[in-house]
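I opened the notebook for this chain today.

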Amino acid sequence: MSAKAISEQTGKEFLYKYICTSAAVQNRFRYATVTAETDWDRLTQEHPWLLTERLVVKPDQLIKRRGKLGLVGINLDLQGVREWLKGRFMKETTVGKAKGVLKNFLIEPFVPHAQEEEFYVCVYATREGDHVLFHHEGGVEVGDVDAKAQRLMVAVDDKLSEDQVKEQLLTHVPDEKKEILASFIVGLFNLYEDLYFTYLEINPLVVTQDGVYILDMAAKIDATADYICKAKWGDVEFPPPFGREAYPEEAYIADLDAKSGASLKLTLLNPRGRIWTMVAGGGASVVYSDTICDLGGVDELANYGEYSGAPSEQQTYDYAKTILSLMTREKHPLGKVLIIGGSIANFTNVAATFKGIVKAIKDYQGPLKEHEVTIFVRRGGPNYQEGLRVMGEVGKTTGIPIHVFGTETHMTAIVGMALGHRPIPNQPPMDAHTANFLLNASSSAKTPATTRTASFSEPRTSNDVTPAKKSKAGLPPAKATTLFRKHTKAIVWGMQTRAVQGMLDFDYVCSRDEPSVAAMVYPFTGDHKQKFYWGHKEILLPVYKNMADAMKKHPEVDVLISFASLRSAFDSTVEAMQYPQIHTIAIIAEGIPEAQTRKLIKMADEKGVTIIGPATVGGIKPGCFKIGNTGGMLDNILASKLYRPGSVAYVSRSGGMSNELNNIISRTTDGVYEGVAIGGDRYPGSTFMDHVLRYQDTPGIKMIVVLGEIGGTEEYKICQGIREGRITKPVVCWCIGTCATMFASEVQFGHAGACANQASETAVAKNQALRDAGAYVPKSFDELGNVIKTVYDELVANGTIIPAEEVPPPTVPMDYSWARELGLIRKPASFMTSICDERGQELIYAGMPITEVFKEEMGLGGVLGLLWFQRRLPRYACQFIEMCLMVTADHGPAVSGAHNTIVCARAGKDLISSLTSGLLTIGDRFGGALDAAAKQFSKAFDSGMLPMEFVNKMKKDGKLIMGIGHRVKSINNPDMRVQILKDFVKQHFPSTQLLDYALDVEKITTSKKPNLILNVDGLIGVAFVDLLRTCGGFTRDEADEFVEIGALNGIFVLGRSMGFIGHYLDQKRLKQGLYRHPWDDISYVLPEHMSM
């Protein structure tokens, strides 16, 4: 949501810090908070004025009219405050319908003043601008300020001046106070704008000869502006409405939501309730809550929440396990139900999100069965058939009763089943699989004639274009009645290749001559071409770095579809509106600050541009054009007959619910003519009425469907239009959010605009007003389809609609990746891996999540064991590996590898090149003896050859014994690296047969020459064979295979890389110049035949 209430203390802190006014604001930062953790001695030390001044105390928990409720203690000393709190602190209190515990209080200095020194001031936002209300009589008895107060509307982007305030607001204020009040109100308004407040009320505002005092304050800020205001806001805490506790699980989900591009919401209403929901989609979540309450389940409804925007499997798992954990804490005598519902998704892969839910159900199967939980599932959208199959399977394998339904079942039918109001069908009918839609049964691959795209309810005409109305001189240009046509071209802002391919596939099944996407704009790459499919063939679409280039090269474009992020959507939309060719802009991003959206609306109105969004999936005009992911994937486009126009137009706020309307309308009428989701924000770029009037003026549209919702007053304009005769076509309308009036405390639903600030904004009030005005209003969302069908049948009966004959659309080949996702094809992988998996939420090494690696403190040796040997090695083995890396890390600059690295570094090469130069010298003569030593000693030992026989055989064959011999070290000057490793191996390894054998060989070779010792390569080689053979983790064949494939040399390569990097950094740090070998170290000789 956007507008969130803040505590009085937070609001005052913002005001005291940042207000800029000549008025003397008194008692700045003089407040103290009392909670259950308060230490009174410490509180008085931090606020010594508590001991010397008269005080006021009141709860700071978003409670309105505290004075009238007797919840303000006035003119008390500190002891009086403590006495006053005794009767109220941590006590349950009823405020309206809400019951809550008073546990957070604010203490401030008492301000002696006269009644005539109290004033009322309030600033709040509307679509057109910000309203400033002022009344010269403030305080507890202020009464109906809407009726009594002076008011001034400051239009979007306008400024408030002191002269305006004096002339329009302060007419009843004594002259001596006008100057100070005018300065304060202007300062307050500027603060309101700068810190993105949406509501700010002070009552009373006291003005004495000493200055201005803010006694009581209530405020809301636009939480979506956090990225703009973070430096000034800091970390803001948003308290829950009074009567609802703040649960840690809600904070956990809010944190997940903040870290995710998806939307995750959770509000606990009654943790002891038996009805729990896990609903996909902001609009759908409201509809399910409505239906539960309509069927008498309000007292048992445990939670409100939603997940949407394509959350990952891990995010869905985290969300699901939180709900399952909550619902399995207390048993209910009737058992519990979990409703996993949702509308038809536009772009979320249903099977992928269901995997997360299934995983959570498996983890909680014991508690779910113990608490007698029954689960009801209804979902549609991309790959939903696989998702439902998996969900049904987990029910069978766990024994949990899970009832699964798809798009053939009305969205909210499962609520009636869950609450016992309708029977549960044994085998619900299943719609055809995605593949059956895409692999069309039609034998012809030819594209059908374009004539089928004419409306089902009117004769075909040669031109489907409705010209825009001409604007009168001096007025802003009028907006077009027809937004999308058969030849509409768009530019897509953002690298949204999946959405663009979806648009092109839609174009193809609609028999468009050309793709609707002319180009893409993506500022983060250079100009290039992007490959897409047009039916069976591949095409290239241009991608531009700059919007100016795209507009210049594609003058035919008049639609911009913006997938810009919430941070860049404003600037990119402003830029787009500088080009007169653009008539329609769709803004997909959710979370754009309301102040920015209102500026965009004002600019669009001035330029005659229609904005769809923000926070929308877009819109669709069957047979012509679709915005981005609207309508879902091709299977849903075909199932809902969106490839050709029908007679019904709709407008909705919710994107997911717009797809549900596509489904309902296709099943009850001849189909959709046009549909728009205006977006869930409080101030959508275009309104319900904007589109209803367009539909009224479009001949092909015969009836209109509106899905409104709680919050705002736009639906009343439809009522007015019907009453005045401006709207004459049948309007079927339903406003979702009827459950809100049944809740004891305020609930902010999934959409930012879905919150009623007054009685007229409730869904119940709006549904009644629409019914009274003459619209067709069902009793509930459950009956919406029936009412649409009834109205449609009447229009067919009286000849208004003449249904046309169906013509099959062309076949569109399925994308390879999607066909594989659906399990329709299989293909051998290009290569395989068994050591690491980075695809999920968490990196996995050989089956072990990275968090477990750190939790178990496995160290570098443990990680190497997982990645090299696919085993969790014993602790001593991990330590041995780390010791080997340490002793092989470096052996001075003179060895060939280090020398090469140094020469490369001094030649100015980079780290990678220098390291590679050193590594390339590793082989049989330098560092590569580990594998060879392991193989030679193993072969001799395994064949039963005595150490003396082995030495003699190697001498006879003229071969060196790898791992024996050292240039410097000898039996008299032992290598301490070997000694350290040997001691560790002897102490910790279960068996050291091969090491013992190698030491016997060493006795023989050193008797001949003292430097023929078992060197560090040889010791590591034979010890590693002992480790692999005796640690218990490998079979003998597996141990031999690791030696054979060169695993042991990897130890030297990895260890010595550390030393090579050290030499590289050392040379760079010492700033050594280009190396040139000295002449006196080179023996220059003539060729042999010349020297003779």
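My entries follow in the order I looked things up.

**Domains.** I am working from a predicted model. I took the domain assignment first. It gives domain 1 (3-233), domain 2 (248-424), domain 3 (490-798), domain 4 (828-861) and domain 5 (873-1070). I then checked one separation: the C-alpha centres of domain 3 and domain 5 lie 69 Å apart.

**Cores.** Which residues have the most contacts inside the largest nonpolar core? I found Ile561, Phe625, Met703, Val705, Val706, Ile718 and Phe781, in a core of 105 residues. Helix H16 (residues 497-509) contributes the most to this core, with 7 residues. I also asked where this core lies relative to domain 2 and domain 3. Both domain 2 (248-424) and domain 3 (490-798) give residues to the core, so it lies between them.

Setting aside neighbours within four places in sequence, I listed its contacts as Val287, His410, Met411, Thr412, Met657, Ile664, Leu707 and Trp734. A second, separate core has 62 residues, and I noted Leu873, Met883, Cys884 and Phe937 among them.

**Sheet.** I traced an open sheet of 4 strands in the order S15-S17-S18-S19, with parallel pairing. Which strands stand at the edges? They are S15 (275-277) and S19 (402-405); each has a single partner strand, so one side of each is left without a neighbour in the sheet. On average, neighbouring strands here are turned by 15° against each other, direction ignored.

I went into one pair. Strand S17 (residues 336-340) and strand S18 (residues 373-378) run parallel and are joined by 5 bridges. For leucine 338, the bridge partner in S18 is isoleucine 375. Helix H10 (residues 313-327) lies across S15, S17 and S18, and I read its angle to S17 as about 165°.

**Loop residue.** I ended on valine 298, in the loop between helix H9 (282-294) and strand S16 (303-308). Is valine 298 buried, partly exposed or exposed? Its relative accessibility is 21%, so I logged valine 298 as partly exposed; buried would need under 20%. I also logged a pair: valine 298 and methionine 742 are 444 residues apart in sequence, yet 7.1 Å apart in space, C-alpha to C-alpha.

Conventions: Residues are numbered from 1 along each chain as its sequence is written. This is a predicted model: local features need pLDDT of at least 70, side-chain atom pairs count only at pLDDT 80 or more; totals for chains, interfaces and linings use all residues. Side-chain values use heavy atoms; hydrogens and water are left out. Domain bounds come from an automatic or database domain assignment. A nonpolar core is a set of buried Ala, Val, Leu, Ile, Met, Phe, Trp, Tyr and Cys residues joined through side-chain atoms within 4.5 Å. Buried means under 20% relative accessible area, exposed over 50%, partly exposed in between (1.4 Å probe, protein chains only). Helices (H or I, at least four residues) and strands (E, at least two) are DSSP runs, numbered from the N terminus. Contact means heavy atoms within 4.5 Å. Two strands pair if DSSP finds at least two bridges between them. Axes are lines fitted to C-alpha atoms, for helices over the stretch in contact, and angles run from 0 to 180 degrees between N-to-C directions.
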